[in-house]
2 protein chains.
Amino acid sequence: MTSDEAPLTERPYERRELRSTPSLVLVNTGDGKGKSTAAFGTILRAVAQGWPVAVVQFLKSGDWNTGEEKTCRGLGVAWHSAGDGFTWDSDDLDETKAKAVAAWEFAAGLIATDNHRLIVLDEISYAMTWGWIDAAEVAAALAGRPERVSVILTGRDMAAEVVEAADTVTEMVSVKHAFDGGIRAKKGIDY
Amino acid sequence: MTSDEAPLTERPYERRELRSTPSLVLVNTGDGKGKSTAAFGTILRAVAQGWPVAVVQFLKSGDWNTGEEKTCRGLGVAWHSAGDGFTWDSDDLDETKAKAVAAWEFAAGLIATDNHRLIVLDEISYAMTWGWIDAAEVAAALAGRPERVSVILTGRDMAAEVVEAADTVTEMVSVKHAFDGGIRAKKGIDY
C-alpha cells in the first residue's frame with residue numbers, strides 16, 4: 001500500500017479495487033435446468049468477441065442432433081461429442097467409460113494447445129463421479145491452463161477439487177420441472 | 001382408463017405417460033449467475049428449429065452493447081432493450097419506472113400477437129418487485145398466451161404468481177463468484 005492510499009477497511013465496498021483477469025473458470029452444477037444452456041448462452045458472448053470456442057460433450061452422442069449443436073456449429077464453434085448417448089442408455093459401460101476417458105484426453109489437449117479462448121466441458125462431472133477420470137487431474141489442468149483460456153464445466157455433483165479450482169460456481173436448483181408435471185421434453189426448448 | 005391399460009400405480013416410473021405440450025413457461029431466478037445466459041442458450045435451440053424469437057430486456061440499455069445482443073441479432077432474434085441502463089445507475093427513477101411499464105405493455109403485446117414461438121422477458125422480476133408492474137397481470141398474460149408461444153422470464157426474487165404460472169422454475173444459487181474474489185466482469189464471458 002502506498003502512502004496516498006486509504007486503508008482497505010476505510011474504503012466503501014463500491015469503490016473496492018477490482019482486477020482484470022485474462023480468463024475464468026466457471027462451474028454450473030446442481031439438479032436443475034440451465035447448467036448446459038447457461039454455458040451455451042455464454043458462447044454467444046464469446047462469439048461476439050470473435051473468440052475461437054470449442055465444446056466437448058462428455059455424455060451426449062454425436063447423432064443426438066440437438067439445436068444447440070446445430071446453431072453453435074453455424075456460429076463457427078468447434079463441437080465435439082465424445083459419448084455414445086446418455087450412459088444409462090448404454091449397453092456397454094466399458095465402452096462408455098473408454099469414451100469418457102478419451103474425451104478427457106482430447107479436452108486436456110484442447111486446453112493445453114491454447115487455440116481457443118473458451119472451452120465448454122459439458123456434463124464432464126459424471127465422468128469424475130463414476131471414477132472414470134481423476135478430478136485432481138482435471139483441477140490441475142485448469143490451474144495450469146494457458147492464461148487466456150476460459151473453461152466452463154457443467155454437470156451435477158461437480159467434484160470438490162474442480163469447485164475449488166473455479167472462479168465462479170453456480171448451483172442450478174430445481175424448484176419445479178415440467179417433467180414432474182408429466183410434460184415431455186420439448187424440441188426448441190429442452191434440446 | 002381403457003380396460004387393457006394397467007392401473008397407473010402398477011406402472012414403473014420410467015413408463016409413465018408423458019404428454020407433449022405446444023409451449024412452456026420457464027423461470028430462471030435466484031442470486032447466482034446463469035439466469036439470463038440459460039435463457040440465451042435456450043434461444044440457440046429455438047433458432048435451430050426455425051422459430052421466430054424475441055427478447056425484451058427490462059433493465060439493460062439499448063447502448064449497453066452486449067455480446068449476447070450482437071450474436072442474437074445476427075441469428076435473426078428480435079431484440080428490444082427497454083431500460084435506460086441498470087436502475088441503480090439511473091438519476092431518474094420515475095423515468096425508469098415509466099420505461100419498465102412501457103416494456104411490459106410492449107411484451108404483453110408481443111405475447112398476444114402470436115408472431116413468436118419463444119419470447120424472453122429478461123430481468124422482468126425487478127419491475128414486479130418494485131411494484132412497477134403487477135405480478136398478477138403478468139401471470140394472467142402467461143396463462144392466456146397463444147398456445148404455441150413459450151416464454152422465459154428471468155431475474156432475482158421472481159414473484160410468486162409468476163412462479164405458480166410456470167411449468168419449470170430453476171433457482172440459480174451463487175456458490176462462489178469471481179467478483180467476490182475481486183475479479184472484474186469479463187467481456188466475452190460476463191457480457
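Start with A:Lys33, which sits in the loop that links β1 (25-29) to α1 in chain A. In this predicted model, the side chain of A:Lys33 makes a polar contact with the side chain of A:Asp190, at 2.6 Å. Once neighbours within four places in sequence are set aside, A:Lys33 has contacts on both chains. In chain A they are A:Met172, A:His177 and A:Asp190, and in chain B they are B:Leu26, B:Thr168, B:Thr170 and B:Met172. So much for one residue; now for how the two chains sit together.

Two copies of a chain are related by a rotation about an axis and a shift along it.

How many residues does each chain bring to the contact? Chain A puts in 62 residues, and chain B puts in 62 residues. The residues on the side of chain A that touches chain B split into 26 nonpolar, 19 polar and 17 charged. As for where they come from, α1 (35-48), α2 (67-74), α6 (160-165) and β6 (168-176) of chain A each supply at least two residues to that side. The top contributor is α1(A), with 10 residues.

The size of an interface is often given as the accessible area lost when the parts come together. For chain A and chain B, the buried area is about 5,600 Å², and carbon and sulfur atoms give 59% of it. Within chain A, the residues that lose the most area to chain B are A:Arg45, A:Lys176 and A:Ile189, which together make up 14% of what that side buries.

Side chains of opposite charge can pair when their charged atoms come close. The side chain of A:Arg45 forms a salt bridge with that of B:Glu68, with 2.8 Å from N to O. The pair crosses between the chains, running from helix α1 of chain A, where A:Arg45 lies, to helix α2 (residues 67-74) of chain B, where B:Glu68 lies. Across the interface of chain A and chain B there are 2 salt bridges, while the count over all chains comes to 6.

Chain A averages a pLDDT of 87, with 83% of its residues scoring at least 70. Residues 1-12 of chain A have pLDDT below 50, and the model gives that stretch 5 contacts beyond near neighbours in sequence. Residues 84-88 of chain A also stay under 50, and for them the model has 18 contacts beyond four places in sequence. Where pLDDT is low, the predicted coordinates should not be read in detail.

Definitions and conventions: Residues are numbered from 1 along each chain as its sequence is written. Chains are lettered from A and ligands numbered from 1 in the order in which they are written. This is a predicted model: local features need pLDDT of at least 70, side-chain atom pairs count only at pLDDT 80 or more; totals for chains, interfaces and linings use all residues. Side-chain values use heavy atoms; hydrogens and water are left out. pLDDT is the predictor's confidence in each residue, from 0 to 100. Contact means heavy atoms within 4.5 Å. Buried area is the accessible area (1.4 Å probe) that two parts lose on being put together, summed over both. A salt bridge is a side-chain nitrogen of Lys or Arg within 4 Å of a carboxyl oxygen of Asp or Glu. Helices (H or I, at least four residues) and strands (E, at least two) are DSSP runs, numbered from the N terminus. Ala, Val, Leu, Ile, Met, Phe, Trp, Tyr, Cys and Pro count as nonpolar, Asp, Glu, Lys and Arg as charged, and the others, Gly among them, as polar. A polar contact is a pair of N or O atoms within 3.5 Å; within protein, one must be able to donate a hydrogen and the other to accept it, and residues adjacent in sequence count only if both atoms are side-chain atoms.
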